[in-house]
Amino acid sequence: MSQDGASQFQEVIRQELELSVKKELEKILTTAPSHEFEHTKKDLDGFRKLFHRFLQEKGPSVDWGKIQRPPEDSIQPYEKIKARGLPDNISSVLNKLVVVKLNGGLGTSMGCKGPKSLIGVRNDVPLVLMNSFNTDEDTKKILQKYNHCRVKIYTFNQSRYPRINKESLLPVAKDVSYSGENTEAWYPPGHGDIYASFYNSGLLDTFIGEGKEYIFVSNIDNLGATVDLYILNHLMNPPNGKPCEFVMEVTNKTRADVKGGTLTQYEGKLRLVEIAQVPKPHVDEFKSVSKFKIFNTNNLWISLAAVKRLQEQNAIDMEIIVNPKTLDGGLNVIQLETAVGAAIKSFENSLGINVPRSRFLPVKTTSDLLLVMSNLYSLNAGSLTMSEKREFPTVPLVKLGSSFTKVQDYLRRFESIPDMLELDHLTVSGDVTFGKNVSLKGTVIIIANHGDRIDIPPGAVLENKIVSGNLRILDH
């Protein structure tokens with residue numbers, strides 16, 4: 001078959017597949033109750049657009065040869081932004097801002113059944129929560145506790161898309177329900193869905209009508225993502241008079257961050273490149289800390305007017321992330337997702353700001369949780385800051401073993417959180433518990449062998465020690 005014939009054949013197959021998916025989605029829509037019909041229709045229309053793009057795209061989404069380092073002025077050091085000082089009228093610039101926390105993820109990596117944001121760490125109140133159908137109900141129950149607060153808390157839901165069979169590429173769901181057999185048939189399509197779902201919720205127009213100009217978007221598990229008045233001042237009073245429509249906070253990579261998305265210059269625009277987009281031969285180059293020095297924290301400042309304009313022009317361009325999953329019954333499916341930061345190339349006058357590491361404190365594991373619950377950090381006016389008593393600004397490396405993975409096990413194993421001000425490195429493996437007022441300094445390694453148990457006694461001070469299964473304490 002000629003090349004032209006082959007491509008015509010592929011086009012016929014693609015059109016037939018799109019038609020089959022369209023019919024399946026129409027069948028699903030007929031099962032929606034009347035009060036959910038319009039909302040479900042918007043979700044399924046959004047999915048159809050994404051699926052259409054998925055079938056059109058071929059090969060890696062970036063041409064490695066076109067990737068360049070961003071121009072110097074396109075990523076500003078935070079110190080330069082800070083040097084411009086605070087706004088003259090702080091309350092008036094704060095009145096232009098809406099804070100949005102991405103709250104679609106479950107705390108499954110820490111053994112939790114509900115939203116990760118419901119794990120109590122410090123008392124902090126976000127303003128707007130983007131929930132998913134997985135987190136909405138539990139989140140609303142918790143929000144009742146904050147009814148007495150002066151802060152207005154809004155919620156909206158991201159879309160609900162059907163997972164598709166990896167072989168047939170048809171939706172797994174047969175109706176709109178997501179209980180029983182359909183529990184695993186649906187998924188929230190990544191935080192890139194914020195633009196469409198925020199627009200569809202009506203909140204975007206509401207906030208523009210109230211005179212709001214920017215949203216500050218961040219992951220709800222990043223406890224370092226607080227409102228920064230210096231960045232806000234830069235947005236409200238741009239030095240060259242040209243307003244920024246999109247600011248991405250980046251920070252310097254460490255060895256732990258080599259897989260994080262990085263900002264590059266691509267076809268004359270700032271572009272976020274994720275590891276999944278990198279052609280295999282260049283993955284090691286992408287991970288290089290010397291070549292790509294920064295990564296995206298997912299703290300983003302975005303113009304509301306620009307979101308409205310681009311959404312209405314259908315002009316927000318985000319690469320599709322194909323996420324393969326295996327359902328409990330063994331069925332292989334794929335879910336199509338997008339990432340909020342990938343839209344940076346669609347906005348005008350975008351900017352990266354290289355911020356201190358303290359603005360990136362994600363809690364994805366109980367090892368992270370131990371750090372932020374410890375005396376390494378204190379809470380000042382809603383911001384977690386490293387204690388002044390810590391002599392060096394780096395965070396200790398903490399590795400808690402599988403006995404600590406679930407939050408309930410982790411909490412049971414610490415009578416109180418140890419003093420970690422002078423800690424460099426902690427590794428704990430096996431059946432280990434900590435008494436009250438334990439102090440950990442330098443490098444501490446505690447390993448309980450299979451069948452052994454180690455109870456660190458109350459008041460113990462471990463400095464540069466290896467504690468092994470027979471509880472002998474050896475100098476490190």
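This is a predicted model: local features need pLDDT of at least 70, side-chain atom pairs count only at pLDDT 80 or more; totals for chains, interfaces and linings use all residues.
**Entry 1: β4 and its neighbours**

I began at strand β4 and looked up its partner on one side. β4 pairs with strand β5 (residues 154-157) in the parallel sense, over four bridges.

Next I checked β3. Strand β3 (residues 97-103) also pairs with β4 in the parallel sense, again over four bridges. There, K101 stands opposite L129 in β4.

Which way do the side chains of β4 point? I found V128 and M130 pointing one way and L129 and N131 the other way. All four residues are buried. In a regular strand, side chains alternate between the two faces of the sheet.

**Entry 2: the whole sheet**

I then traced the strand order. The sheet is open, has eight strands and reads β2-β16-β10-β13-β9-β3-β4-β5, with mixed pairing. Which strands are at the edges? They are β2 (75-77) and β5, each of which pairs on one side only. Ignoring direction, neighbouring strands of this sheet are turned by 25 degrees against each other on average.

I went to the β2 end. β2 and strand β16 (residues 351-354) pair in the parallel sense over three bridges. P77 stands opposite N354 in β16.

**Entry 3: helices on the sheet**

I looked up helix α10 (residues 304-312). This helix packs on the sheet and touches β9 and β13. The direction of α10 makes about 90 degrees with that of β13.

Helix α6 (residues 194-201) came next. I saw that α6 lies across β3, β4, β5, β9 (214-219), β10 (246-252) and β13 (294-303). Relative to β5, α6 runs at about 115 degrees.

**Entry 4: a hairpin**

I moved on to strand β14 (residues 321-326) and strand β15 (residues 332-337). They pair in the antiparallel sense over six bridges. I looked up K325 and found that its bridge partner in β15 is V333. Five residues lie between the strands of this hairpin, and G330 takes a positive phi near 100 degrees.

**Entry 5: positive phi without glycine**

I checked E267. Its phi is positive, about 50 degrees, although E267 is not a glycine. E267 lies in the loop between β11 (262-266) and β12 (269-273). Why does E267 count as exposed? Its relative accessibility is 55%, and the cut-off for exposed is over 50%.

N464 is not a glycine either, and has a positive phi of about 50 degrees. I located N464 in strand β24 (residues 461-467). N464 counts as partly exposed because its relative accessibility is 31%.

Technical notes
Residues are numbered from 1 along each chain as its sequence is written. Side-chain values use heavy atoms; hydrogens and water are left out. Two strands pair if DSSP finds at least two bridges between them. Helices (H or I, at least four residues) and strands (E, at least two) are DSSP runs, numbered from the N terminus. Buried means under 20% relative accessible area, exposed over 50%, partly exposed in between (1.4 Å probe, protein chains only). Axes are lines fitted to C-alpha atoms, for helices over the stretch in contact, and angles run from 0 to 180 degrees between N-to-C directions. Contact means heavy atoms within 4.5 Å.
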